[in-house]
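Subject: Structure handover

Hello,

Here is the structure I promised to pass on. Please open it alongside this note, and read on for what turned up.

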Amino acid sequence: MLYAIVDIETTGSYAGGNGITEIGIVIHDGTKVLNFYETLVNPNIPIPYFIQRLTGINDKMVANAPAFKEIAGQVFELLQDKIFVAHNVNFDYSFVKYHLQAAGYQLDTKKLCTIRLARKVLPGLNGYSLGKLTQQLGINHSQHHRAGGDALATADILALIISKDTQGVIAGMLKGRNSEQYLPPHLPVADLEKLPSTSGVYYFYNSNGKTIYVGKAKNIRKRVRSHFSNNKITRQKQDFLRETHRISYRECATELMAHILESAEIRRLWPIHNRSQRGFLPRYGLFAYEDMQGFTRLTVEKIRRSHKPIYTFNSITEGQQRLKELCVEFGLCARLCNVAAECICEEHNPVEIYNQRATDAISWLKKHLPTFALIDKGIDDNEHSCILVKEGNLYGMGYITDKKVQLKNVETLTKNMEPLQDNDYIRNLVFRHATMHPEKCVTFAN
């Protein structure tokens, strides 16, 4: 069995948008080096300054180096029919496979990750980065962050692991299409094995325990595996492979509940790799306040943390249109409601009478905002899931075991719900589901 131990330096973190600046390949039989190959590579794009500082490789150094397509044939010959080995193998393999494919070569070899191998064969060490491993194991590592030096150091680590692999860890890793080979190098396999095949929300954490991604799924186990086992060369996949150290989950009875929980958790945790739903928070709200003359004034303003709106809107135009309708319906002053520059009222009513109209408008609005519960199946047969909407806003969700008692009134039901932050995105999901499934709705009077 021959191994090709590979290390590359690149212009960035993911293959789809970056190039290789240097490659080192060590051909090894498990005990000794049989061949060594190293070359700088011209990526044909500028090398970012911080990477120049890290590797010492600058644009001038690679100006006369071959492009990857010029060495692709030689690289492919070195790698084919070998076990592809690297420290954090999925990163190096994704780059090499992508650039070989662009040059017309199809790489399809078994892989070994020396981080995962070292964690299994050499447990209990104080860190498994290449630098920490070589230091703890007494391995010579003279050229940090250079392809040749890192590849030779990785080869020495592999040889040591092979000599101490008395439990057949390597054979197990190479058996069939071992799914562990696709996992982030620092992620415990136990985290993946405990994931259920049910609906819910899953969380990715970095080395500091900070949540970096929240996702939803009809099948949590299948969805999480797909993040690592696909052939994507995107930035997100490489970020997940590099940064994910732990995974947890929360089961949900229905896909809708998973959708709601995901959206709420993204807004609570603001994970760095969740971007798609950050624009769904309502930006404007309807507020009421008393001015210096004692008039109750209604206005549409940007939402602030310190004040809870009567109702929320996606845009100021939407809010002002609703307010104009209230002005017509209840005889409110357009100027006092900040939807007209000048007062066009024939006469102003006394403060008490005007304020009563404003109060009636608010009461009418709240009364016509529905309060209802969406009842569906539970996680097990002894319970029902419940999503509660109060006066048109999502209150929260949870599980109930006695529908007769707990659905008697909204106050009783509220005690069993986990409050969640409301937003237009979630609200629209719930209202759409309620419209499609009226038989699941229990309505309460406001």
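First, a definition: two strands pair if DSSP finds at least two bridges between them. Strands (E, at least two residues) and helices (H or I, at least four) are DSSP runs, numbered from the N terminus. This is a predicted model, in which local features need pLDDT of at least 70 and side-chain atom pairs count only at pLDDT 80 or more, while totals for chains, interfaces and linings use all residues. Residues are numbered from 1 along each chain as its sequence is written, and side-chain values use heavy atoms, with hydrogens and water left out.

**The sheet**

Three strands form an open sheet, in the order β7-β6-β8, with antiparallel pairing. β7 and β8 (246–251) stand at the edges with a single partner strand each, so one side of each has no neighbour in the sheet. Neighbouring strands are turned by 20° against each other on average, direction ignored. (Axes are lines fitted to C-alpha atoms, for helices over the stretch in contact; angles run from 0 to 180 degrees between N-to-C directions.)

β6 and β7 pair over six bridges, in the antiparallel sense. Tyr 203 stands opposite Val 214 in β7. Tyr 205 stands opposite Thr 211 in β7. The hairpin of β6 and β7 has five residues between the strands, and Gly 209 there takes a positive phi near 85°.

Is β7 enclosed or open? Six of its seven residues are buried, so β7 is largely enclosed by the rest of the structure. Buried means under 20% relative accessible area, exposed over 50%, and partly exposed in between (1.4 Å probe, protein chains only).

Helix α10 (residues 220–229) lies across β6, β7 and β8, at about 35° to β6. Helix α12 (residues 255–269) packs on the sheet and touches β6, β7 and β8; its direction makes about 170° with that of β7.

**Rings**

The structure holds 13 aromatic pairs. Rings of Phe, Tyr and Trp (its six-membered ring) pair if their centres lie within 6.5 Å; planes under 30 degrees apart are stacked, over 60 edge-to-face, the rest tilted. One of the pairs, Tyr 202 with Tyr 213, is tilted: 6.3 Å centre to centre, 40° between the planes. Tyr 202 is in β6 (residues 200–205) and Tyr 213 in β7 (residues 211–217), eleven residues apart. Both Tyr 202 and Tyr 213 are buried.

Arg 246 lies over the face of Tyr 205, 4.0 Å from the ring centre. The test is NZ of Lys or CZ of Arg within 6 Å of the ring centre and within 35 degrees of the ring normal.

**Cores**

A nonpolar core is a set of buried Ala, Val, Leu, Ile, Met, Phe, Trp, Tyr and Cys residues joined through side-chain atoms within 4.5 Å. The largest has 51 residues; Ile 23, Ile 25, Val 75, Leu 79 and Val 96 have the most contacts inside it. Helix α3 (residues 68–79) gives the largest share of this core, seven residues. Apart from it lies another core, of 25 residues, including Cys 252 and Leu 429.

**Thr 244**

Thr 244 is found in the loop between α11 (235–243) and β8. At 0% relative accessibility, it counts as buried. Beyond its neighbours within four places in sequence, its contacts (heavy atoms within 4.5 Å) include His 186, Phe 204 and Ile 212.

Best wishes
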